[in-house]
Amino acid sequence: MALMIEGTDIRLRPWSERDFDVLQQMRNDIALQTQLLARARGSSASSVREWLQQRSASSTDIFLIVASTSTDEPLGFIQCRQMDIVSRNAEMGIGLIASAQGQGIGGHVLALLKDYVWSTWGMRKLWLKVSADNLAAIRCYEKAGFSECGRLRQHIFIDGRWQDVLLMEMFLAEPETP
């Protein structure tokens, strides 16, 4: 049975062929790729398919489509990469299409993912990287419970300039005292 995480307005589910065009558009959206700390590379259909297959085949990654529960239309994706089952942490990332941004969807998605990785995988911490300029995403992450734990100064050269990258983390279980 395929993984399906249901919320009130949002569901997280595996990708399917019906999502392909939206995902390819996202991979070629220069503004979105800049927000995601990536470079739009002119992703061909074959390179997008390869990316999806890699994400889906990894035993240490979760890659799910963010979809509306009413229409099942794709609104983006969320992923946990390199889930470390010994240290019980994972790097997460989220990408939403422009029309789904700024509506609180990101917060709902993060809550669903947080509950799932805690209850199913026993993850105790999620962490992420975000451009220091991406104030809307930072606010969303802070509302969800993430806090800044580091800054990589002038870490990436993207969109014609050097950008700082913030590291943020969220404990799903109380951190142990040293």
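This is a short tour of a predicted model, with a few things to select at each stop.

**Before you start.** Residues count from 1 along each chain as its sequence is written. Because the model is predicted, local features need pLDDT of at least 70, side-chain atom pairs count only at pLDDT 80 or more, and totals for chains, interfaces and linings use all residues, while side-chain values use heavy atoms, leaving out hydrogens and water.

**Stop 1: the sheet.** Switch to a cartoon view and look for the strands (E, DSSP runs of at least two residues, numbered from the N terminus, just as helices are H or I runs of at least four). Strands of a sheet pair through backbone hydrogen bonds, either parallel or antiparallel.

**Stop 2: Ser131.** Now select residues 125–131, which are strand E6, and pick out Ser131. E6 and E8 (residues 161–171) pair in the antiparallel sense over 7 bridges. Is Ser131 buried or exposed? Ser131 counts as buried because its relative accessibility is 3%; buried means under 20% relative accessible area, exposed over 50% and partly exposed in between, using a 1.4 Å probe and protein chains only. Leave aside neighbours within four places in sequence, and Ser131 is in contact (heavy atoms within 4.5 Å) with Leu37, Ile138, Gln163 and Asp164.

**Stop 3: two crossing helices.** Select H4 (residues 105–121) and H5 (residues 135–144): their axes come within 9 Å and cross at roughly 45°. Axes are lines fitted to C-alpha atoms, for helices over the stretch in contact, with angles from 0 to 180 degrees between N-to-C directions. H4 and H5 are therefore oblique to each other: angles under 35 degrees count as roughly parallel, over 145 as roughly antiparallel, 65 to 115 as roughly perpendicular and the rest as oblique. To see who touches whom, show Gly106, Gly107, Leu110 and Lys114 of H4 with Cys140, Tyr141 and Ala144 of H5.

**Stop 4: Phe20.** Finally, jump to H1 (residues 20–28) and click on Phe20. Phe20 counts as buried, at 6% relative accessibility. Not counting residues up to four places away in sequence, Phe20 touches Ala45, Val48, Arg49 and Leu52.

Conventions. Two strands pair if DSSP finds at least two bridges between them.
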